[in-house]
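Biologist: Thanks for sitting down with me over this one. Could you show me the model, and then we can go through its pockets, sheets and loops together?

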Amino acid sequence: MSTGPLILGIETSCDETGVGIVRGSELLADEVASSVEQHARFGGVVPEVASRAHLEAMVPTVQRALRTAGVTMREIDAIAVTAGPGLMGALLVGVAAAKAYALALDKPLYGVNHLAAHVAVDTVEHGALPAPCISLLVSGGHSSLLLVEDVTRGVQHLGATVDDAAGEAFDKVARVLGLGFPGGPPIDRAAADGNKSAIAFPRGVVRDAPYNFTFSGLKTSVARWVEARERAGEPVPVADVAASFQEAVVDVLTARAIAACKEYDVRDLLIGGGVAANSRLRALAQERCDKAGVRLRVPRPKLCTDNGAMVAALGSLMVSCGVEPSTLDLPADSSLALVRV
Ligand code: KG4
Ligand code: ZN
């Protein structure tokens, strides 16, 4: 059994109410209540609906996590919570709950950055983070390339999407193909039976910004291609479109991540966020890392999508590194920035 502080982490930045408990770097509980089904008919997350669902799920999810971990609230040494970035109303529910627990238990409160937490979660699966490492974070809300020296004290943002996040592109293309929401998993499944070279979809480049991403041109290109087929009265080869679209996304993501590893002379790449669950992204990243002599770390899929374990994991690192706790006036910040080291 590992030693170290017992940390409760709360995540409510989007549509998952996540509560995780770690002791040191040992994961004891990772409970998630998702409101994703309530958003499905809208084809995207509705902030007001997400906030209300967090409010209803908060206390039961904390209680479930405590039961799973086999600990009591009194034993918790510190409370960590996502302070941003994310949906304002959703963040506020988690931050208010974390403050209430910290105040009632007289324990320190740690506001954490959601993106840094996506990086930190890998410590509970693969151990201490190599320093420095490059991290590619790809989800429904963000697509970022980060240079991580010390995840507890801020990381350097090398690039981000200038329009849609990678997961958002999966969600929008899935809608065009009638595959439902969220779109990543059904596209991943459909693509398994398709030809990834069937259609040459564009790889978006952002001028003078080698580590930025753009997916809106790709998304439009897929929509136009499908429309043209439908206008011509021809069937849409869903598997081929899914595979070709998916390839265009993962080609760009992995190429830029490897380029960053080379430029910054970094030997470790960590991929996180919901899109990191994508089977082709994992396979192509492994292939390209092997070729470039880069070690690849990808947490298991459940730790890639939003969860409380990632917040607890980062909180635990912050406590261990002696980072000052937050004060009880910690604000939720929908566009909370990652600080450059
Ligand atoms: O990290 P996450 O759970 O929430 C955000 O912070 O956004 O990521 C959700 C996103 C969705 O856009 C979903 O379509 C995408 O991750 N996703 C995938 C896969 N599983 C989830 N995208 C591609 N392939 C997958 N297998
Ligand atoms: Zn996320």
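Modeller: Happy to, and let me start with a term: helices (H or I, at least four residues) and strands (E, at least two) are DSSP runs, numbered from the N terminus. Please keep in mind that this is a predicted model.

Biologist: Good to know. Which element gives the largest share of the lining of the largest pocket?

Modeller: The lining is made up of 48 residues, with Cys 14, Ser 139, Gly 140, Gly 141 and Asp 171 nearest the centre of the pocket. Elements that give two or more residues to this lining include α4 (114–120), β7 (143–150), α6 (166–176) and α7 (184–191). The largest share is six residues, and it comes from α6.

Biologist: How much space lies in that largest pocket?

Modeller: Its lining divides into 17 nonpolar, 22 polar and nine charged residues. At least three lining residues come from each of domain 1 (6–121 + 307–320) and domain 2 (129–299). The space in the largest pocket is about 1200 Å³.

Biologist: And the second largest pocket: which element gives the most to its lining?

Modeller: That pocket holds about 320 Å³ of space. It is lined by 19 residues, and Gly 111, Val 112, Asn 113, Thr 152 and Met 318 are the closest to its centre. Both β5 (109–113) and α12 (309–320) supply at least two lining residues. The most, four residues, is given by β5.

Biologist: How many residues in the lining of the second largest pocket are nonpolar?

Modeller: Domain 1 and domain 2 each provide at least three residues of this lining. By residue type, five are polar and two are charged. The nonpolar count is twelve.

Biologist: Let's turn to the domains. What distance separates the centres of domain 1 and domain 2?

Modeller: The chain is divided into domain 1, which covers 6–121 + 307–320, and domain 2, which covers 129–299. Across the boundary, 17 residues of domain 1 are in contact with 16 residues of domain 2. Taken over C-alpha atoms, the separation of the two centres is 27 Å.

Biologist: Which residue in β4 is the bridge partner of Ile 7?

Modeller: Strand β1 (residues 6–11) and strand β4 (residues 78–84) run parallel and are joined by four bridges. In β4, the partner of Ile 7 is Ala 78.

Biologist: Which residue in β9 pairs with Ile 134 as its bridge partner?

Modeller: Strand β6 (residues 133–138) and strand β9 (residues 268–272) pair in the parallel sense over four bridges. The bridge partner of Ile 134 in β9 is Leu 269.

Biologist: Last one, on the backbone. Where is Pro 182 found, and is the peptide bond from Phe 181 cis or trans?

Modeller: The peptide bond from Ala 131 to Pro 132 is cis, with omega near -5°, and Pro 132 sits in the loop between α5 (122–126) and β6. For Pro 182, the place is the loop between α6 and α7. The bond from Phe 181 to Pro 182 has omega near -5°, and is cis.

Key:
Residues are numbered from 1 along each chain as its sequence is written. Chains are lettered from A and ligands numbered from 1 in the order in which they are written. This is a predicted model: local features need pLDDT of at least 70, side-chain atom pairs count only at pLDDT 80 or more; totals for chains, interfaces and linings use all residues. Side-chain values use heavy atoms; hydrogens and water are left out. On a 1 Å grid over the protein atoms alone, a cavity is a set of points where a 1.4 Å probe fits but cannot get out, and a pocket is an open set with protein on both sides within 12 Å along at least five of seven lines; lining residues have an atom within 4 Å of a point. Grid points are joined across faces, edges and corners, and a volume is the space filled by probe spheres set on the points. Ala, Val, Leu, Ile, Met, Phe, Trp, Tyr, Cys and Pro count as nonpolar, Asp, Glu, Lys and Arg as charged, and the others, Gly among them, as polar. Domain bounds come from an automatic or database domain assignment. Two strands pair if DSSP finds at least two bridges between them. Contact means heavy atoms within 4.5 Å.
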